[in-house]
Amino acid sequence: MQIGELISLGLYFVVMIGIGLYAYRKTDKDVAGYMLGGRQLGPGVTALSAGASDMSGWILMGLPGAMYVSGISSSWIAIGLVLGAWLNYLVVAPRLRAYTELAQDAITIPDYFEKRFQDNSHTLRVISAIVIIIFFTLYTSSGVVAGGKLFESSFGLSYYAGLYITAGVVVAYTLFGGFLAVSMTDFVQGCIMFVALILVPIVAYSEFDSLQELNSTVASVDPSLLGLFSGVSALGIISSMAWGLGYFGQPHIIVRFMAIRSLKDIPAARRIGMSWMLVTIIGALIIGYIGVGFVAKTQSDFGDPETIFIFFAKLLFHPLISGFLLAAILAAIMSTISSQLLVSSSSLTEDFYKVFLRKEASQSELLFVGRCSVVIVAGVAIALAYDRSSTILSLVSNAWAGFGAAFGPLIILSLFWRRMTRAGAIAGMVTGAVTVLLWLYAPITINGASLGSYLYEIVPGFILATIAVVLVSFATQAPGRELTDTFDAAKQAVKAA
């Protein structure tokens, strides 16, 4: 690693920890302050925090790599994600912000489910909290692995040193500053990603005399790379665009909507968030496309398609700038890890410790448990990441579908259908999760291929979960007056805003 890269990365780490210490001083010393920032996030921080925690390393490595391999047809996933994110802001954000405050100030997704349906048995809270903790521990592990491999391949450090550096910095600012620190660092990291995904495509494109030269070079590699529909079936397009359905059920994203300062700030957050997302996704796709032409034109020695961003960063820029660009990858990875750590911590604290172990626990005690939970989840994630050949990562790749199918229909219907019942919510959550798992792992094949190779598992999971919620809700007793009054109050609050 060159001195310039070390300087840039060192400054990045100092800024992240500094933000954590600043947030520690500004955060209210109670659980609501630690877990939701006191519901005081502005629209800019909300939007970039949601975007940065959503995209992870996928936006800088996975999407450019997909474009490099598959060409323009890989854009269908991006189209689906943009539509899903826009609908999430438009449909879910306003009502979730209003409802979670009116429903006895619910501060976690399991907490919201329990209070929305007055589930005194805690069944909804327990099932949803278990899903969150398991999948987010695995998600966190995948992020730590990505950090370890980045330090190993780009900086010449050992894989295990990379694990501890990545996890250590994230834990430091999450531990002290809680949700406010996570959101503020996500904002900064989102800005870094934004600049990187504009700068790299522009500089890489300058290596070509014209767009025509770039297109002809790409066509010389493989003409099918230029086609939006090349090599993609109708089911393939549906599967790719169905990624957008996952947004409605991702706890680390929708919790930002619960924390925004007011309902009136949501339209501004939507405009900022969607502008950021469009620019970054288009930039990521362009990097992969230009990468095909650049490698062919220069006959470069290039290996893993998912490292095309790193390839450009180290080849085309001064070490100080390349260090900044590599920090953008770390920013993408860390922003997601920190969000997942905090959501897992909040579930362990609010949905297990407070409910089952210490119902009368003080705010300072719960705050201490929340911070301990961050360390515990990070420790388990590091332990899982030690096995580089672990199959856990294959499970994590399907967690987006699992969350989307298990939680997505519940979130939408609970916000818009007053007739929905507790039994319907339980049935929908279980049906969505089980359908995804069966679709992935049941020994059912068509022409020798698994079901998942034909249709993304979130599609059947989301549909069947929705059907289960509706059928079971109609088959059980309608909600009482208290629940419907809260529902109507949330609806009116959104209209008034």
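**Close-up 1. Gly147 is a buried residue, with a relative accessible area of 0%.** Welcome to the first view of this predicted model. Gly147 has its place in helix H7, which spans residues 123-155. Setting aside neighbours within four places in sequence, the contacts of Gly147 are Gly162, Thr166 and Ile333.

**Close-up 2. Gly461 sits in helix H19, residues 458-475.** Here is another glycine to look at: Gly461 is buried, and its relative accessible area is 0%. Its contacts, leaving out neighbours within four places in sequence, are Ala405, Gly432, Thr435 and Val436. If you zoom out to find Pro201, 260 residues apart from Gly461 along the chain, you will see that the two C-alpha atoms are separated by 37 Å.

**Close-up 3. Helices H9 (residues 211-221) and H12 pack with their axes 8 Å apart.** Two packed helices are described by the angle between their axes and the distance between the axes. For H9 and H12 the angle is about 75°, so the two helices are roughly perpendicular to each other. On the H9 side, the contact is made by Glu213, Leu214, Asn215, Thr217, Val218 and Val221. H12 contributes Tyr289, Ile290, Val292, Gly293, Ala296 and Lys297. Sorted by class, the residues of this contact are 7 nonpolar, 3 polar and 2 charged.

**Close-up 4. The second largest pocket has a volume of about 220 Å³.** Rolling a probe the size of a water molecule over the atoms shows where empty space is left. Three helices each supply at least two residues of the lining of this pocket: H4 (62-70), H5 (75-102) and H10 (234-241). The lining residues divide into 4 nonpolar and 7 polar, with no charged residue.

**Close-up 5. Ser75 lies in helix H5.** With a relative accessibility of 11%, Ser75 counts as buried. Apart from neighbours within four places in sequence, Ser75 is in contact with Met67, Leu228 and Leu285.

**Close-up 6. Asp265 is found in the loop between helices H11 (251-259) and H12 (266-298).** Asp265 touches Pro43 and Ile260 when residues up to four places away in sequence are not counted.

**Close-up 7. Gln118 has a positive phi of about 45°, although it is not a glycine.** Look for Gln118 in the loop between helix H6 (109-116) and H7. Its relative accessible area is 34%, so Gln118 is partly exposed.

**Close-up 8. Gln299 has a positive phi of about 50°, and it is not a glycine.** You will find Gln299 in the loop that lies between H12 and helix H13 (308-316). Gln299 is exposed, with a relative accessible area of 66%.

Conventions. Residues are numbered from 1 along each chain as its sequence is written. This is a predicted model: local features need pLDDT of at least 70, side-chain atom pairs count only at pLDDT 80 or more; totals for chains, interfaces and linings use all residues. Side-chain values use heavy atoms; hydrogens and water are left out. On a 1 Å grid over the protein atoms alone, a cavity is a set of points where a 1.4 Å probe fits but cannot get out, and a pocket is an open set with protein on both sides within 12 Å along at least five of seven lines; lining residues have an atom within 4 Å of a point. Grid points are joined across faces, edges and corners, and a volume is the space filled by probe spheres set on the points. Helices (H or I, at least four residues) and strands (E, at least two) are DSSP runs, numbered from the N terminus. Ala, Val, Leu, Ile, Met, Phe, Trp, Tyr, Cys and Pro count as nonpolar, Asp, Glu, Lys and Arg as charged, and the others, Gly among them, as polar. Contact means heavy atoms within 4.5 Å. Axes are lines fitted to C-alpha atoms, for helices over the stretch in contact, and angles run from 0 to 180 degrees between N-to-C directions. Angles under 35 degrees count as roughly parallel, over 145 as roughly antiparallel, 65 to 115 as roughly perpendicular and the rest as oblique. Buried means under 20% relative accessible area, exposed over 50%, partly exposed in between (1.4 Å probe, protein chains only).
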